[in-house]
Amino acid sequence: MANCAIVGINWGDEGKGRMVDLLTENYDVVVRYQGGGNAGHTVINEYGKFALHLLPSGIFRKGAVNILGNGVALDPENLWTEMQAVIEKGVAITPENLKISDRASLLLPWHRDLDELEEKRLADKKYGSTKQGIAPFYSDKYQKKTVLAGELFYPEQLKAHLRDLVEWKNLTLTKVYGAAPYTMEMLEKWLDGYCEKIKPYICDTGAFLRAAQQDGKNILFEAQLGSLRDLDYGIYPYTTSSNTTAAFAPIGSGLPSAKITDVVGVVKAYSTCVGEGPFVCEMFGDEAAALREAGAEYGAKTGRPRRVGAIDLVATRYGVEVQAATEIALTKLDVLSYMDKIPVCTHYTLDGKETDTFPFPSALSGAKPVIEYFDGWKCDISGVRKWEDLPKAAKDYVTAVEKTIGCPITYVSVGPERDSIIIRK
Ligand code: GDP
């Protein structure tokens, strides 16, 4: 039996979706264990191009069972809409290949409203939220003020529970934000609509995972975002509200006894970041515009242009450590093919000194990148499938990154398609 987690090493959008889509071939079960609809995994395969937000990326593989674990922010409306978009392209989604944990908490209709209201209140101090209700959801989950998916099977108790929650939440909505209150009728409509639709998929996924483990099945744990967005280890407060690290997989999946033997960390060949917060390697002007265009760096969820920059080896080495990555997939190497010289951030200067240690979040805004340049290869590498066939300059770039981050790069991705990959093991 092998347990593998696929995680982001940087700020997210590293190409985890394409790696999960590739590697699911070897796994029987794929589990999403944290996060919600606030980020997108792009997958391109024989069915078309998809931006998955909540569905595990194993949904396209026949025979793979996909699980939404207890650690996710389960938004019934968004999930149902996403399921319909995938089903429309000819992919079967049934209670056999999609299982939702009865212990997953439900993202309630007011969570998205609260995200919007709070970003508006913050005005120019906003965090750059995707307004999917993730921060209000996790705050409420930890306050024990939301409901579990399994409560849908206890309708009378659930209605009483929701009545208490409406009364409590309306205090914040009306008195803090001056917004309209919710009524039980509104929530009943939500229950009878989206919640009823996803109900057939809800079950005791913990029991399913324990049985799968006992039967020696291979389990893949799929994370959202990356190390630097982890609530505890990231660039707080510009983090997400959940743990994006592999160490959280056993808890958030519903299999606390899981031992993760393999952690595939996904690193992009350059840096990108969505939203606000410190981003030491950020490029500006024409240089940024050229990289953004070459990499099509626009948010999968929001369409926002992503901030771009040189690969940041200080942040990446920290990200590798935090994830305890055992191997690395380096993605989008093909995007750098247009560059004459490739910038690499090897160190930061902070308080007049050079450092290769990732600073405490409050110190990040004072850090400046130290950039070294590597030779470009200036040719199309998107058709390369073997390491030996990469130009020397591209191999030098990959091996230099590998040496600095201290983790073997076993996959080099040269295109978004499933087979655009060089496997080095
Ligand atoms: P995720 O959230 O980590 O799955 O990443 P995203 O889906 O937001 O971003 C990755 C984007 O890059 C998607 O549009 C992918 O199709 C694309 N992509 C992934 N790997 C490669 C690659 O090696 N080369 C190119 N050109 N595009 C890639």
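Residues are numbered from 1 along each chain as its sequence is written, and side-chain values use heavy atoms, with hydrogens and water left out. Because the model is predicted, local features need pLDDT of at least 70 and side-chain atom pairs count only at pLDDT 80 or more, while totals for chains, interfaces and linings use all residues.

Let me start with helices, which, like strands, are DSSP runs numbered from the N terminus (H or I, at least four residues, for helices; E, at least two, for strands). Helix H3, residues 109-122, packs against helix H5, residues 155-176, at an angle of about 15°, with the axes 12 Å apart. That makes H3 roughly parallel to H5, a term for angles under 35 degrees. In contact here, meaning heavy atoms within 4.5 Å, are Trp110, Leu114 and Leu117 of H3 with Leu165, Val166, Lys169, Thr172 and Leu173 of H5.

The other pair is H10, residues 313-323, and H11, residues 392-405, which pack at about 55° with their axes 9 Å apart. H10 is therefore oblique to H11, the class left over once angles under 35, over 145 and from 65 to 115 degrees are taken out.

A polar side-chain atom of Ser413 is 2.5 Å from an oxygen atom of the ligand, and a backbone N or O atom of Lys332 lies 2.9 Å from a ligand oxygen atom.

Notes
Axes fitted to C-alpha atoms, helices over the stretch in contact; angles between N-to-C directions. Polar contact = N/O pair within 3.5 Å; in protein donor to acceptor, adjacent residues only side chain to side chain.
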